[in-house]
Amino acid sequence: MSKSPDLKKHLTQLGENTPLPQSPQDAKLERVPAPYQEHDYTIRFTAPEFTSLCPITGQPDFAHLVIDYIPEKWIVESKSLKLYLSSFRNHGSFHEACTVEIGSTIVKLLKPKWLRIGGYWYPRGGMPIDVFWQTDTPPKKVWIPEQEVPAYRGR
């Protein structure tokens, strides 16, 4: 895919000095056309230092997120995804809600053939909480590597 001036006019954050959104609702996820739409392939984003806030105590929670998806017509623009994920730093929500919200927000934007998200949360109160969500079974004959984030042992 070559550079396209038309593509840039639809992106508001790439190549710009963009402030960190204060909440996921303020963040703007952006998309671009998927290259090679005639092929099925897996895209993986890993956020090993994801943070959010406990909605009760306001204490920080930390997770290692792994997002895998098979695009249909769109892919997520990576800078907008980084800003979206970073916006959770000021957001109070339980682990389960954060993980599923991220996955479902990406699905709503991209309408991929398939998406899964693994939220590997670090312990609070001595117990890690891992949250997994996916849209459906993936198409056949697509290589989807295992997420390979080990069970918590001082990750």
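Contact is defined here as heavy atoms within 4.5 Å. The structure is a predicted model, in which local features need pLDDT of at least 70 and side-chain atom pairs count only at pLDDT 80 or more, while totals for chains, interfaces and linings use all residues. Residues are numbered from 1 along each chain as its sequence is written, and side-chain values use heavy atoms, with hydrogens and water left out.

The secondary structure of the chain consists of three helices and six strands, where helices (H or I, at least four residues) and strands (E, at least two) are DSSP runs numbered from the N terminus. Read from the N terminus, the order of elements is α-β-β-β-β-α-α-β-β. Of the 155 residues in the chain, 39% are buried; buried denotes under 20% relative accessible area, exposed over 50%, and partly exposed the range in between, with a 1.4 Å probe and protein chains only. Among contacts with a separation of 6 or more, 70% are between residues 24 or more positions apart.

Helix α2 spans residues 78-86, and its buried residues are Ser80, Leu81, Leu83, Tyr84, Leu85 and Ser86. These buried residues pack against β2 (43-53), β3 (60-70), β4 (74-76) and α3 (95-110). The N-terminal end of α2 is capped by Glu77, with a side-chain oxygen 3.0 Å from the backbone nitrogen of Lys79.

In soluble globular proteins, nonpolar side chains tend to be buried together.

Leu115 lies in β5 and counts as buried because its relative accessibility is 0%. Its contacts, not counting residues up to four places away in sequence, are Ile67, Asp68, Tyr69, Gly103, Ile106, Val107, Trp133, Gln134 and Thr135. Leu115 and Ile70 are 45 residues apart in sequence, with a C-alpha to C-alpha distance of 6.5 Å. Gly119 is also placed in β5, and its relative accessible area of 0% makes Gly119 buried. Leaving aside neighbours within four places in sequence, Gly119 is in contact with His64, Leu65, Thr99, Ile129, Asp130 and Val131. The C-alpha atoms of Gly119 and Phe62 are separated by 9.7 Å, and the two residues are 57 residues apart along the chain.

His95 belongs to helix α3. With a relative accessibility of 7%, His95 counts as buried. Not counting residues up to four places away in sequence, His95 touches Asp61, Trp121, Ile129 and Val131.

Gln147 is located in the segment after β6 (130-134) and is buried at 12% relative accessibility. The side chain of Gln147 makes polar contacts (pairs of N or O atoms within 3.5 Å; within protein, one must be able to donate a hydrogen and the other to accept it, and residues adjacent in sequence count only if both atoms are side-chain atoms) with two side chains. One joins Gln147 to Asp68 at 3.3 Å, and another joins Gln147 to Tyr120 at 2.6 Å. Apart from neighbours within four places in sequence, Gln147 is in contact with Arg44, Val66, Asp68, Arg116, Ile117, Gly118 and Tyr120.Pockets were located on a 1 Å grid over the protein atoms alone, a pocket being an open set of points with protein on both sides within 12 Å along at least five of seven lines, and lining residues having an atom within 4 Å of a point. The largest pocket holds about 230 Å³ of space, the volume being the space filled by probe spheres set on the points, which are joined across faces, edges and corners. Its lining consists of Phe45, Thr46, Ala47, Glu49, Phe50, Thr51, Ser78, Leu81, Lys82, Leu85, Ser86 and Arg89. Both β2 and α2 supply at least two residues of this lining, and the largest share, six residues, comes from β2. By class, the lining divides into five nonpolar, four polar and three charged residues, where Ala, Val, Leu, Ile, Met, Phe, Trp, Tyr, Cys and Pro count as nonpolar, Asp, Glu, Lys and Arg as charged, and the others, Gly among them, as polar.

Key. 1 Å grid on protein atoms, 1.4 Å probe; cavity = no way out; pocket = protein on both sides within 12 Å on 5 of 7 lines; lining within 4 Å.
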